[in-house]
Amino acid sequence: QVQLVESGGGLVQPGGSLRLSCAFSGSYSSTNVIGWYRRAPGNQRELVAGVSRSGSTNYADSVKGRFTISRDNAKNTVYLQMNSLKPEDTSVYYCGADWGRYWGHGTQVTVSS
């Protein structure tokens, strides 16, 4: 069993910042890679950023240079620092583990002026 709990979403103006948190628990192998996802056209979840236990990261081109994912294994928490937010970043953001096997319930991010 893997548990994921997101927090930190909210309403922010374009150009503003938010920091999302994903508190995780579960098996060592299933939590090796944890990612932040959001809804894409077709209502599919698209990977925004991912991070492994060792600290390797990957970003979608649309957020590269603006978002930073990090992981504190001692605190069992993954963070997504979102800067220079754009209206098109508006979505429900989900924390996912084990390549979509486990999901949190999501946290709403709204970027609007």
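A: Asn43 sits in the loop that runs between β4 (33-39) and β5 (45-52), where strands are DSSP runs of E with at least two residues, numbered from the N terminus. This is a predicted model, in which local features need pLDDT of at least 70 and side-chain atom pairs count only at pLDDT 80 or more, while totals for chains, interfaces and linings use all residues. Residues are numbered from 1 along each chain as its sequence is written, and side-chain values use heavy atoms, with hydrogens and water left out.

Although Asn43 is not a glycine, its phi is positive, at about 65 degrees. Most residues other than glycine have a negative phi. Asn43 counts as exposed because its relative accessibility is 53%, given that exposed means over 50% relative accessible area, buried under 20% and partly exposed in between (1.4 Å probe, protein chains only).

Ser84, in the loop between β8 and β9 (91-97), likewise has a positive phi, of about 50 degrees, without being a glycine. With a relative accessibility of 41%, Ser84 counts as partly exposed.

Strand β8 itself (residues 77-82) contains Thr77, which is buried, with a relative accessible area of 11%. Leaving aside residues up to four places away in sequence, Thr77 touches Ser21, Cys22, Ala23, Phe24, Ser70, Arg71 and Asp72, where contact means heavy atoms within 4.5 Å. A polar atom of the Thr77 side chain also lies 2.9 Å from the backbone oxygen of Lys75.

Definitions and conventions. Helices (H or I, at least four residues) and strands (E, at least two) are DSSP runs, numbered from the N terminus. A polar contact is a pair of N or O atoms within 3.5 Å; within protein, one must be able to donate a hydrogen and the other to accept it, and residues adjacent in sequence count only if both atoms are side-chain atoms.
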